[in-house]
Amino acid sequence: MTTRRTDPISLALGQKQIDHITKTMGTVMVRTARSPIFSQSHDFSCFIGDAEGNVVGQADGIPIHTGAGGFALRKVLESYGDDIHDGDVFILSDPYVAGGNHLPDWTVIQPVFLNGARVAMVANRAHQSDIGGGAGGTYNAAATEIYHEGIRIPVLKIVIEGTLREDIVRLLCLNSRTPDLIEGDLAAMLGSTEVGARRIRAFAAALGSSDFRQLLDDMLDWGEEIIAAAIASLPCGRWTGADFMGTDCFEPTDARIVVEITNDGSHLICDFSRTDVQVKGFKNSSLPNTCSAVYLAVVATLGAHIPRNEGAYRRIKVIAPEGTIVNPRHPAPLTMCTTYPAHQIIHAVWQALGQAAPDLACAGWGRSSHCNTSGWRDSGGYYVAYQWLGMAGAGAAKERDGFESMGHIATLGGLTLPDVEGFEAEYPFRVLLNELRLDGGGAGRFRGGTGARVEVDVLGPAEYSYRGEGTGVPTGFGTCGGLSGDAGHCVIAFPDGQTYLPPQYGVEKLGPLRLVISSSGGGGYGDPNERDPVLVRADVRDGLVSEASAASQYGVVLGPGPHYAIDEAATRALRFAEAGSVAAATDAWSR
Amino acid sequence: MQYKIMNNRTDRAGWRIAIDVGGTFTDVVLVTSDGAVHASKSPSHPTDPAEGIMNALQAMAAGQHLSLGELLGRCDSVIHGSTVATNTVLEGKGASVGLLCTRGFRDTLTIRRGIRVNPWEHRAPHPEPMVPRYRRRPVAGRIDAGGLEIEPLGMRDVEAGLTFLLETGIEALAISFLHAYANNAHEVAARAMVSALAPDLPVFISSEIAPLIGEYVRTSSTVTAAYVSKRVVPYLTSLSRSLAGAGLHGRLHVMQSNGGLITLDEVARNPALLLLSGPAGGVGALRWIAEATERKRLITMEMGGTSCDLILFHDGHVDRTDALEVAGYHISIPSVDIHTVSAGGGSIARVDQGGVLTLGPDGAGSTPGPAAYGRGGRLATDTDAQLVLGRLAPGPFAGGAIHLDGGRAYAVVHDTVAAALKIDASKSADGIVRLQQQNLVHAVERVSIERGFDPRDFTLVAVGGAAALHAGSVARALGCSEVIIPRLAGVFCAFGMLHAPIRRDHVRTLSLQLEAATMPQLLRAMDDLQDDVREALRRQDLDVSKATFEKAIDLNYAGQQSAITVAFEGSAMEIRERFLSLHNALYGHVQKGSNPQLSAIRVAGLLAPPPVPVRIRRATAALAPAPRLRRDVWIGDRTQLGVPVFDGATLQPGHVIEGPCVIEEATTTILLEKGDRATIDLHDNYIVSTIAAAASSDRAVEAIA
């Protein structure tokens, strides 16, 4: 850290102004983008970097994007050097050569100039509806090389000194199954960065170039100071966390993500040297994505007050050997990485940090069991639908039960899920069921989210890209004595009554069918015997926990329904007898 | 124009009273037939607001040398804005509600579409659903997205569900079935059955409460209506009886979130309509200010102790929205689009671990309040900073309700902020105030620039106790050249209610391409909807022949989540052009080759209020009186010595005051900087012209345009 020169008031004002500008960019994006993935699910991020490509502000965006943007900014500088001019706008996606996180996320980057000198960079990263490749909707579970995953975009100038390169736009659109959406969304991304660039320029002009640069430097230092204080409050030591891959998309694998975290009092060193070598399928993680997942996990543990800027990330060192799952060699496929293995990376970090700071520990979130469905409508248009109705249960944390059915861990729940009505109006689907599961959540003083059960009739032939991460075995680990959530399940039923267990990953074309998905549950926090019996009773009455589980897992004995009166004497006796057995079960799970 | 109320009695004097009950004060404004306006503030009775109202009316009557019966007997109508619905939600003290929902979809309220405002705050749980899961009962029957029945309604399920719920002791019932916005036959049939079995149970159906696609918000809205009904309906009924018993022959009208009035019987059909009852009253006041001052474009900042409400008004219109969030619950009701930010006199300042000053979003409220209140507040607030800067003075504050302690203010700013920042208390206080101003600037940008308006074309209207200290610098930062501070600022919403029309908003989901060929279908749907509105007005004994109707449609490009509401006038082509020009203004581009599509249609029915014949005062020819005193005030970047402080009570229409100075009004304090000039107009408003810096918003506006 250098000595700050911006006075504390100007720093406070400046940091708020940068945040405000990224939010304004986000508003432009939400309102103008055409595909629902942006407008409804906010699967994009707006961020602002300094002239050297360090991200200083990212108030708007999904958490798994939070630490990856700087790689892209710096790649623009590295690739174009002196050939970067006022009015140029860049686009990129490739994780191997262009600092991208994965191919579906396109990043549009506009350097901002003041008096002829570059003072900042504004960027928008957004998940496209379709980028070609072996499967509709950007996720090709059959990929074994990145070449199977869609168009790779190196760092390109899409706007040269104010003039849009229509030829590049045509090339990009031609490589998508949804060219109309791509064109509209690209316009929204360009509009959003243009708004951001103009506002940053105005702000920099008001402060003057030199004070503006100093402000950005000082914002990075401010981020570093805050996380330094949080790290200093943790004990020094070394802790190991791990999560399993389960499948490499083709067959079961024993591969694991393993992290050793060392706190030396000033830095968190996150060493993935014991993580296994890269896998065959697209569940490898690019280095930017790995770093982002680590930052996400650390910030979620330490608290939302940690600034999401690259100053803070100076205190988190990531060691990710090349050739492992968390930093694969070309041409390993890796499109799945922003969800898997991001999920496993976050879990591994949470397991390690949970030992360091039990009060801050986060239980694991269930992995998803749904698939993507794509196909042609009767009216002729192509659709890509994320089966997001049956999301998994989230893990519990101290003082909060897990969210019952929630967007991916990599978004920390920041995905807005569809309405059944909108879903049915938009796609050739009929939803028959979308309700919470019984006994899906991991028991604990704070219960894990229970997950949902979904039944959807897909009315026409369609293509299915599976991601049965949460099926088969429990995935949401319990912490501090809490139990893991239940496993998920995915079954296909055909109109003739036959049923079929789809593979965990893979792409298939099938006729009309019924999808039956039980999503996995989140892990519990703390000893279930310590859960307030009143809450256990409410869960039983609400049909989220069975009477049998109330007794066997929580040691709570209830009278008959519908009142389920708590038998206090019997509960006391049962809880006394069972004390200790829960801890043993947790140990067994974490191996 | 008069409210044409059938069975009108003729022995009244045409007076009107508006009552706005807030958390702290009950404001009453009386307009007599000669145009005289009388305002009063009395303490609210949080436990029995009706009692507070009767006391406030008693006081008003005494001020007119009348008995309460004489006062009420002269009134055509009493207009009431109430926070009872909002407080019921905030306090979690609503009815025990049961829900009948489509089988297979009991958990809409729990899953709540996963919406989280800040995902990083993942340790914060969702608010508890208003209806626990065991009180949500499934009913067989399906309507599809096109409105066709694909499975008949399970009447046995309705009966079984109701029986179960009655045994649990529910006090109100919500019914929300999938796709009821497209076809509500199942909801209507279920309600009929419930009413036959349990005639006294209040029942609310989603297709009447919020007939829009999207089962989460529709269900949440319906449940909220049922939840608040328990307190809203009895409260208003008993108030109405008390008023009648005390001599009111005119009617009780209630302020709705849409800025219009409604009668009691209609409130009972959807009590959630009252959720923004108080602040929506400001719209009427804006309309009056616009007329009185001949300004077309206004943005109000109503800033009190905890928050600031902003409303943008242009050419007679306010923006409207269906999407409300109250205490984390999502509710769709027709509302004035009020943007609320956590910025008030009580906003708390702290220094974070990185040595940076932060302000809010939490506030000290009125208890303990700012440290200067001497009620135990130990954290520095905006109000404390204003005292340190000499802009507020120690002593009586807010009409004498509070005594400000300057020593405490200085100590708290010094100890909790200045020491950590290693700068002096004045600079710290200036930092706090500048952060607050930045909050307000960002909030004004949200309601203007992000909706395609240039704030430089607007006059800021500062109301509420805390706004007039900030308004000048906010205006300068945005490039606005004018600020209006109405003398009636203290009773702004109550005064506004006197200008509110009776208003009824209906909306209906309709998916349709906008083209000449679909116009006949669209016109038919509009006529149907207008008939619904007309019927709703007729139910209130109103002369529908005097009603005017505003028709609009929601348009967007395929896939867009948000829609633009466009006036429904002219041909499909003209409407399309209107959409394109609005889209371009809002977003800076249009999508070539794509046709906009319809998502909803809207009809509003209005009956204009009788004009309030406000007396115009005569301008004085005299020079402004001398300042009451002079004191040292921080203005700009330093303390200026001997800045004049005027007593607002001595200023009259025609007086002109130049900055720098401070003007102390009974319920607010105005800061004028060097170059600012305030004139008091004939309607008793301060019209402040500022020298706008215009720097920052210049580019900001360009950016969107």
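Residues count from 1 along each chain as its sequence is written, while chains are lettered from A, and ligands numbered from 1, in the order in which they are written. Because the model is predicted, local features need pLDDT of at least 70 and side-chain atom pairs count only at pLDDT 80 or more, whereas totals for chains, interfaces and linings use all residues.

Start with chain A. Its secondary structure comes to 13 helices and 20 strands. These elements are DSSP runs, numbered from the N terminus: helices are H or I with at least four residues, strands are E with at least two. The C-alpha trace of chain A spans about 80 × 60 × 40 Å along its principal axes. A compact globule of 591 residues would have a radius of gyration near 25 Å; chain A has 24 Å, which agrees. That radius is taken over C-alpha atoms, and the globule rule is 2.2 Å times the number of residues to the power 0.38.

Of the 591 residues in chain A, 64% are buried. Buried means that 20 or more other C-beta atoms lie within 10 Å of the residue's own; exposed means 12 or fewer, partly exposed is in between, and C-beta atoms are placed from the backbone. A contact here means two C-beta atoms, placed from the backbone, within 7 Å.

Chain A is assigned domain 1 (8-226), domain 2 (362-526) and domain 3 (530-590). Such bounds come from an automatic or database domain assignment. The C-alpha centres of domain 1 and domain 3 of chain A lie 50 Å apart.

One cysteine gives a local view. A:C173 sits in helix α4 (residues 166-174) of chain A. It is partly exposed, with 15 other C-beta atoms within 10 Å. Leaving out residues up to four places away in sequence, A:C173 touches A:P179, A:I182 and A:E183. A:V454 is 281 residues from A:C173 in sequence, and their C-alpha atoms are 34 Å apart in space.

Now the interface. The contact between the chains takes 69 residues from chain A and 62 residues from chain B. On the chain A side, α1 (8-32), α2 (36-39), α5 (179-207), α6 (209-232), α7 (287-302), α9 (420-426) and β14 (429-436) each supply at least two residues. α1(A) gives the most, with 14 residues. By type, the chain A side divides into 32 nonpolar, 20 polar and 17 charged residues. Nonpolar covers Ala, Val, Leu, Ile, Met, Phe, Trp, Tyr, Cys and Pro; charged covers Asp, Glu, Lys and Arg; the others, Gly among them, are polar.

Turn to chain B. It has 18 helices and 35 strands. Its C-alpha trace spans about 80 × 60 × 55 Å along the principal axes. For 705 residues, a compact globule would have a radius of gyration near 27 Å; chain B has 26 Å, which agrees. Buried residues make up 53% of the 705. Two domains are assigned, domain 1 (347-436) and domain 2 (502-607). Their centres, taken over C-alpha atoms, are separated by 48 Å.

Seven of its seven residues are buried, so the rest of the structure largely encloses β4(B). Six bridges join it to strand β1 (residues 15-21) of chain B, in parallel. There, B:R16 has B:S77 as its bridge partner. Four bridges join β4(B) to strand β11 (residues 251-255) of chain B, also running parallel. Here B:I79 is partnered with B:H253. Strands count as paired if DSSP finds at least two bridges between them.

Another part of chain B holds an open sheet of four strands, ordered β6-β5-β9-β10, with parallel pairing. Its edge strands, β6 (136-139) and β10 (203-205), each pair on one side only. The twist averages 20° from one strand to the next. Three bridges join β9 (residues 172-176) to β10(B), with B:I175 partnered to B:I205.

Two helices touch this sheet. Helix α8 (residues 215-245) of chain B packs on β5, β9 and β10, at about 165° to β9(B). Helix α5 (residues 155-168) of chain B lies across β5 (97-102), β6 and β9, at about 170° to β6(B). Axes are lines fitted to C-alpha atoms, for helices over the stretch in contact, and angles run from 0 to 180 degrees between N-to-C directions.
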